[in-house]
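Reader: I am new to this structure. Please take a close look at one part, then show me how the rest of the chain is laid out.

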Amino acid sequence: MIDRLQSSWRGRWQEAVLWVALGVALVLEVVTVDDGVVRWLELVGGGLVLGAAVVFFDRFPVGTLCLLVAVAAVPALVLAPTVTNPAWWWPFLAASVFGFRAGRRLDDTRPVLSSLAAVGLAGLPVSVLVDSSARGGFGLLFGLYDWFVLVLILLVVVVLPWLVGRYRRQRAELAAAGWERAALLERQQRLEVDQARLRERARIARDMHDSLGHEWGLLALRAAALEVSADLPERQRVAAGELRAGVAEATERLREIIGMLRPDGEPAPDERVDIAGLVARATGAGMDVVWEPSEPPVGLPVAVERVVHRVVQEGLTNAARHAPGAAVTVRLEHGTGSTMVTVANGLATEQPGDAASDAVGGGYGLVGLAERVRLLGGTLEAGPRDGKFALVVTLPHDAPPADLPVDLNGSGDSESDRARARTRGKARRRLTSAIRVPALAGIVVAVLAMALYALVGANNSLDPAVFERIPVGAARAEVEAQVPQFQILGDPERMLPAPPEDAECRHYWSSEQSDEQLFFRLCFVADRLVVKEVVPRRAISTGSE
């Protein structure tokens with residue numbers, strides 16, 4: 001909580017410093033442009049724009065950014081040509097700052113790029129109309145070139161900081177995703193540990209059900225046989241009945257413990273495989289068991305042997321429970337690619353009491369057995385068949401072992417690495433997609449600007465001899481017939497002495513340039529040539545200073 005408050009206050013402090021810096025930049029420009037004279041209208045207007053941007057950026061980030069871009073673009077296109085000297089530079093600084101903040105704040109690139117493109121395209125007719133009204137037919141090309149230059153400036157000043165802010169945002173998101181993934185991995189590892197514990201509890205429950213339950217079932221069967229035996233005195237038969245009742249009560253408790261310990265069934269890795277021993281113990285307990293073994297093939301999977309052992313154990317336990325006294329047949333058949341085990345018992349021939357009903361069951365035997373068989377890709381059938389109850393299981397030999405160990409480190413780490421790589425790849429693709437559109441636009445605009453510059457530059461040089469033959473007072477049409485088709489792309493008028501009032505001036509490079517003869521200026525008033533002068537190189541240098 002304290003770290004969050006400190007981060008919030010730090011962010012507010014940094015924003016306050018940023019807004020003060022932008023305000024100082026506005027004041028300095030307004031004051032220094034006219035040699036210390038404060039232009040209050042521009043200062044108040046710029047302050048209102050900057051204040052509105054600060055207030056509304058959080059709610060309307062795209063609209064605020066477009067407002068600042070428009071404030072930077074319109075004066076540059078209307079008040080002074082961008083190719084020579086933008087009218088104000090503080091709106092470009094503010095647009096750059098808010099472009100960076102928009103990149104940090106917004107995740108979707110389409111609203112920003114589409115809005116900036118709309119504002120930029122809206123400036124094209126403005127630039128063409130303004131320059132056409134001031135320069136006549138050549139103003140069409142001049143306005144187009146001026147717009148090209150402004151678009152390139154905006155791409156560098158606004159879009160580039162926006163891309164940097166977007167990159168910073170994605171870096172922060174990747175860092176946050178990394179911490180979140182680390183926490184998820186930790187939770188996943190704890191979950192896997194819990195699952196391992198549950199599996200161990202299931203193994204304990206399974207051992208209790210499979211071993212103790214089976215043995216206690218046989219013990220209950222023997223006690224029941226003694227209870228109904230005619231060779232024993234009444235006292236011994238009563239003791240046998242008490243023994244059977246005690247076994248039944250203990251069995252019930254065992255069933256309750258299994259219910260608490262066992263969520264599901266899985267094969268135990270250390271399960272004993274002794275089918276002949278199972279049959280011998282069942283026969284010794286008084287069951288009528290017919291054992292039909294089969295020679296196992298070489299390389300029989302251990303998992304198959306375990307499940308076969310478990311099937312025989314479950315079949316004998318169920319026969320002792322549900323059909324005491326009935327004959328039981330245990331048949332084992334090994335094929336080339338599978339093993340089939342059958343445990344079939346007939347109907348009960350005697351009912352020695354409730355001993356069989358009290359044997360271990362609880363509903364887990366066949367359910368857990370079916371799960372083991374399914375994990376090995378086998379099939380299980382349990383039900384009446386030819387007047388008997390048959391448990392038939394078929395197991396393929398090429399199935400993988402079901403009791404695979406749990407990897408608490410390797411699989412999680414590799415999955416985390418793959419997820420992290422996918423996240424980084426996605427972030428890289430998003431950044432590349434965001435860069436692609438501005439880069440393509442910049443290339444297209446730069447190529448068009450260079451082509452236009454080359455076209456105009458090839459047709460804006462005036463021969464000094466032709467310039468000398470043009471008389472002052474000549475008609476505009478007569479002069480236009482002798483001068484080149486295009487003029488200089490720029491606004492050198494801002495660096496020269498003021499022309500006569502209401503004069504319209506044109507500028508042409510000299511075809512033979514020197515320090516004393518850089519370009520020519522021709523000014524018209526009422527369609528008559530009133531100014532004809534040669535501009536030396538030092539006039540441009542002095543004016544620029």
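Author: Asp 527 has a relative accessibility of 45%, so this residue counts as partly exposed; the class runs between the cut-offs of 20% for buried and 50% for exposed. The model is a predicted one. Asp 527 sits in the loop that joins strand E8 (517-525) and strand E9 (528-535). Its backbone has a positive phi, about 60°, although the residue is not a glycine.

The protein chain contains 15 helices and nine strands. It has 545 residues, of which 41% count as buried. Among contacts with a separation of 6 or more, 71% are between residues 24 or more positions apart.

Five of the strands make up an open sheet with mixed pairing, in the order E1-E2-E3-E5-E4. Strand E1 (288-292) and strand E4 (379-385) are at the edges; each has a single partner strand, so one side of each has no neighbour in the sheet. On average, neighbouring strands of this sheet are turned by 10° against each other, with direction ignored. Inside the order, strand E3 (residues 338-345) pairs with strand E5 (residues 388-396) in the antiparallel sense, over eight bridges. One detail of this pairing is that Ala 344 has Ala 390 of E5 as its bridge partner.

Helices pack on the sheet too. Helix H8 (residues 275-284) touches E1 and strand E2 (327-334), and its direction makes about 160° with that of E1. Helix H9 (residues 302-322) touches E1, E2, E3 and E5, and its direction makes about 10° with that of E3.

Helix H3 (residues 61-78) has 18 residues, which at 1.5 Å a residue should span 26 Å; the C-alpha atoms at its ends are 26 Å apart, so the two values agree. H3 is mostly covered, with 13 of its 18 residues buried.

Conventions: Residues are numbered from 1 along each chain as its sequence is written. This is a predicted model: local features need pLDDT of at least 70, side-chain atom pairs count only at pLDDT 80 or more; totals for chains, interfaces and linings use all residues. Side-chain values use heavy atoms; hydrogens and water are left out. Helices (H or I, at least four residues) and strands (E, at least two) are DSSP runs, numbered from the N terminus. Buried means under 20% relative accessible area, exposed over 50%, partly exposed in between (1.4 Å probe, protein chains only). Contact means heavy atoms within 4.5 Å. The expected span of a helix is 1.5 Å times one less than its number of residues. Two strands pair if DSSP finds at least two bridges between them. Axes are lines fitted to C-alpha atoms, for helices over the stretch in contact, and angles run from 0 to 180 degrees between N-to-C directions.
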